[in-house]
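Hi,

Here is the structure I said I would pass on. Have a look at it first, and then read my notes below.

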Amino acid sequence: MNKQLILPIILITFLLSFSTCNVDNNISIELIKLETNETIYFDSIISKEINQIDLNLLVNRINYPPKIPRQFWWTIPDTTSMNRLEKNEIFNKYRFNKEGKVTLYFYLGSFISGILPQEYLFYYDSVETDLITEIEDIAKKEKYKIYYDKSSDIKRIERIEFDNNIIEILKIEK
């Protein structure tokens, strides 16, 4: 073999082996629709881009659970610099508990508009009180059960109908 080719081959081999040592772990997300046996695969997320796999990440990256807007108030905001219209928007659409965490969100309608309000109720873990364990869609009579791993990252969300049949599973794997 030509001596001029050996050095570049060794160099390329070294660089490739070094680069695989520093590969970021991807987070894969898939939505399994049990009624239709359909699986939807979402674009992978590079793990170093995020600190936590939480509802905010899922809403912003894949719009799941649906009807939660990207600019969602998970905790009561400081409204001192907001105008009156912005304050009304928050307090007409959201309810917060005494710890300032969202407990109710109206995603459609209002008593003022004449459209029957449709809301999500948020339930929190009794021990890890920052973790939302269930979101109930009152109008659709469905709920989203949220499961976490030991590091408080979401690993699974089950969408459950009123009769306790699981109709969707969102799986998140690191």
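Two strands pair if DSSP finds at least two bridges between them. Helices (H or I, at least four residues) and strands (E, at least two) are themselves DSSP runs, numbered from the N terminus. Before the details, a word on the source: this is a predicted model, so local features need pLDDT of at least 70 and side-chain atom pairs count only at pLDDT 80 or more, while totals for chains, interfaces and linings use all residues. Residues are numbered from 1 along each chain as its sequence is written, and side-chain values use heavy atoms, with hydrogens and water left out.

**Strand 8 and its partners**

Strand 7 (residues 132-137) and strand 8 run antiparallel and are joined by 4 bridges. Aspartate 137 stands opposite glutamate 142 of strand 8. The hairpin of these strands has 4 residues between them, and there lysine 141 takes a positive phi near 55°. That is a positive value in a residue other than glycine. Is lysine 141 buried or exposed? With a relative accessible area of 57%, lysine 141 is exposed (exposed means over 50%, buried under 20%, partly exposed in between, using a 1.4 Å probe and protein chains only).

**The core**

In soluble globular proteins, nonpolar side chains tend to be buried together. A nonpolar core is a set of buried Ala, Val, Leu, Ile, Met, Phe, Trp, Tyr and Cys residues joined through side-chain atoms within 4.5 Å. The largest one here has 34 residues, and Trp74, Phe122, Ile135, Ile154, Ile157 and Leu170 touch the most other members. Helix 2 (residues 55-62) gives the most to this core, with 5 residues.

**Aromatic rings**

A pair of aromatic rings is described by the distance of the centres and the angle of the planes. Rings of Phe, Tyr and Trp (its six-membered ring) pair if their centres lie within 6.5 Å; planes under 30 degrees apart count as stacked, over 60 as edge-to-face and the rest as tilted. By this rule the count comes to 11 aromatic pairs. One of them is phenylalanine 72 with phenylalanine 122, a tilted pair at 5.8 Å centre to centre and 45° between the planes. This pair links distant parts of the chain, 50 residues apart: phenylalanine 72 is in the loop between helix 2 and helix 3 (84-93), and phenylalanine 122 is in strand 6 (residues 115-124). Both phenylalanine 72 and phenylalanine 122 are buried.

Tyrosine 94 and tyrosine 105 have ring centres 5.0 Å apart and planes at 45°, so this pair is tilted. Tyrosine 94 sits in strand 4 (residues 94-96) and tyrosine 105 in strand 5 (residues 102-110), 11 residues apart. Tyrosine 94 counts as buried at 5% relative accessibility, and tyrosine 105 is buried with a relative accessible area of 5%.

One aromatic cluster is formed by Tyr64, Phe72, Trp74, Tyr94, Phe96, Tyr105, Tyr107, Tyr120, Phe122 and Tyr144.

Tyrosine 64 is joined to proline 65 by a cis peptide bond, with omega about -5°. Proline 65 lies in the loop between helix 2 and helix 3.

Which side chain does glutamate 168 join through a polar contact? The partner is tyrosine 64, at 2.8 Å (a polar contact is a pair of N or O atoms within 3.5 Å; within protein, one must be able to donate a hydrogen and the other to accept it, and residues adjacent in sequence count only if both atoms are side-chain atoms). Glutamate 168 is in strand 10 (residues 166-173) and counts as buried because its relative accessibility is 6%.

Cheers
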